[in-house]
Amino acid sequence: MNLKQTFRKDLDTFINVGEFADYWTINDTKVKAVIDNSVANSFEGAQVQGVFKATVVVYLRQGDLSPLPLVDSVVTINKLRYVCRDVQQEQGVDILTLEIMEQ
């Protein structure tokens with residue numbers, strides 16, 4: 001088994017609702033995804049506006065969400081609206097970095 005085959009096998013474990021993934025509705029499409037909301041969140045201009053910025057990273061199997069959102073477009077996850085800040089594809093995984101602003 002080569003390295004790429006090993007990654008594919010690990011992907012089956014990672015994006016599995018019995019392990020790490022859950023079903024999410026992203027832009028009206030139900031997909032299995034892992035959502036990491038443990039990335040740094042911060043208060044932007046807290047002294048002036050009191051705006052909280054939360055960043056989440058979404059991992060899903062490449063091709064499960066089509067089309068992928070464009071950078072700076074709105075992405076809806078279970079009725080919450082985010083702004084897409086980055087889209088990457090690595091080893092069979094689509095990775096979306098999203099932000100939400102709240103007051």
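Q: What sits over the ring of Tyr23?
A: In this predicted model, the charged end of Lys30 sits over that ring, 5.1 Å from its centre; a charge counts as sitting over a ring if NZ of Lys or CZ of Arg is within 6 Å of the ring centre and within 35 degrees of the ring normal.

Q: And which residues have the most contacts inside the largest nonpolar core?
A: They are Ile26, Val58, Leu60, Ile77 and Leu98, in a core of 15 residues. Such a core is a set of buried Ala, Val, Leu, Ile, Met, Phe, Trp, Tyr and Cys residues joined through side-chain atoms within 4.5 Å, where buried means under 20% relative accessible area (1.4 Å probe, protein chains only).

Q: Which strand gives the largest share of it?
A: Strand 4 does, with four residues; strands here are DSSP runs of E with at least two residues, numbered from the N terminus.

Q: Switching topic, how do strand 5 and strand 6 pair?
A: Strand 5 and strand 6 (residues 80–90) pair in the antiparallel sense over four bridges, and pairing requires that DSSP finds at least two bridges between two strands. Within this pair, Val75 has Tyr82 as its bridge partner.

Q: Which residues of strand 5 are on its covered face?
A: Val75 and Ile77 are on the covered face, while Val74 and Thr76 lie on the uncovered one.

Q: How are residues and atoms counted?
A: Residues are numbered from 1 along each chain as its sequence is written, and side-chain values use heavy atoms, with hydrogens and water left out. Local features need pLDDT of at least 70, side-chain atom pairs count only at pLDDT 80 or more, and totals for chains, interfaces and linings use all residues.

Technical notes:
Buried means under 20% relative accessible area, exposed over 50%, partly exposed in between (1.4 Å probe, protein chains only).
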